[in-house]
Amino acid sequence: MRFMRNLTPETQRLLRRCSKESQQHRVRQRDHGILLSFDGKTTKELMHIFDVERLTIYHWLDAWERRHFAGLYEHAKCGRPPKLTEAEQENAHHSMAQHPQNMKQVIHLIEQETSKRVSTKTSKRLLKKTARSGNDSRFRGNDARPQTLAVYV
């Protein structure tokens, strides 16, 4: 069990103010979590209050202990976020399975469904990522033997 300790009255006041006035929801949530932890709420109670995993609560507390107020804010992430959402990627995989030898047709279908332009390189990376992660089971038939998915551009 971990609890926040040694929060000065001034720090508590700033946390309360930040938890009400911050523009970012996650910052307000973390602020509130730190305050509740200081008030004696257990990590299990915090998990239920915020509907997050235990590890998330520990990350909040660790970030606070290391960086105080700066630890409440998101830090820069490396790389560009994916162009397609998880659901859109599923649809793209389905299109690739239907048209394994016509990537331009797949790209056209993706563009019609999502209104997003995707290059052939992006679709190839998506296919490669799926094959590398072992999630190519959606390209298999009823038997357990893996089938190859040919891509010609």
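Me: A lining residue of a pocket has an atom within 4 Å of one of the pocket's grid points. Which residues line the second largest pocket?

Reply: This is a predicted model. In it, the second largest pocket is lined by Arg-80, Pro-82, Lys-83, Leu-84, Gln-89, Thr-122, Arg-125, Leu-126 and Lys-129. The space inside is about 230 Å³.

Me: What makes up that lining by class, and which helix gives the most to it?

Reply: The classes are 3 nonpolar, 2 polar and 4 charged residues. Arg and Lys count as charged, so Arg-80, Lys-83, Arg-125 and Lys-129 belong to the charged group. Helix H7, residues 120-133, gives the most, with 4 residues.

Me: How much space lies in the largest pocket, and what lines it?

Reply: About 270 Å³. The lining has 14 residues. Nearest the centre are Arg-30, His-59, Ala-63, Gly-71 and His-75. Helix H4, residues 54-67, gives the most to this lining, with 7 residues. By class, there are 4 nonpolar, 4 polar and 6 charged residues.

Me: Why is Ser-19 called buried?

Reply: Buried means under 20% relative accessible area. Ser-19 has 17% relative accessibility, so it counts as buried. This residue lies in helix H1, residues 9-21.

Me: What is Ser-19 in contact with, leaving aside its neighbours within four places in sequence?

Reply: Arg-28, Asp-31, His-32 and Leu-35. Contact here means heavy atoms within 4.5 Å.

Me: How do you know how the span of helix H6 compares with the expected one?

Reply: Take 1.5 Å times one less than the number of residues. H6, residues 103-114, has 12 residues, and the expected span is 16 Å. From first C-alpha to last, H6 reaches 16 Å, close to that expected value.

Me: Which residues of H6 are buried, and why do they line one face of the helix?

Reply: Met-103, Val-106, Ile-107, Leu-109, Ile-110 and Thr-114 are buried. Seen down the axis of H6, these buried residues fall within an arc of 160°, so they line one face. An α-helix has 3.6 residues a turn, so residues three or four places apart point the same way.

Me: What is on the other side of H6?

Reply: Lys-104 and Gln-112 are there, and both are exposed. Exposed means over 50% relative accessible area.

Me: What follows H6?

Reply: Ser-115 does, and its phi is positive, near 60°.

Definitions and conventions: Residues are numbered from 1 along each chain as its sequence is written. This is a predicted model: local features need pLDDT of at least 70, side-chain atom pairs count only at pLDDT 80 or more; totals for chains, interfaces and linings use all residues. Side-chain values use heavy atoms; hydrogens and water are left out. On a 1 Å grid over the protein atoms alone, a cavity is a set of points where a 1.4 Å probe fits but cannot get out, and a pocket is an open set with protein on both sides within 12 Å along at least five of seven lines; lining residues have an atom within 4 Å of a point. Grid points are joined across faces, edges and corners, and a volume is the space filled by probe spheres set on the points. Helices (H or I, at least four residues) and strands (E, at least two) are DSSP runs, numbered from the N terminus. Buried means under 20% relative accessible area, exposed over 50%, partly exposed in between (1.4 Å probe, protein chains only). The arc is that of the directions from the helix axis to the C-beta atoms.
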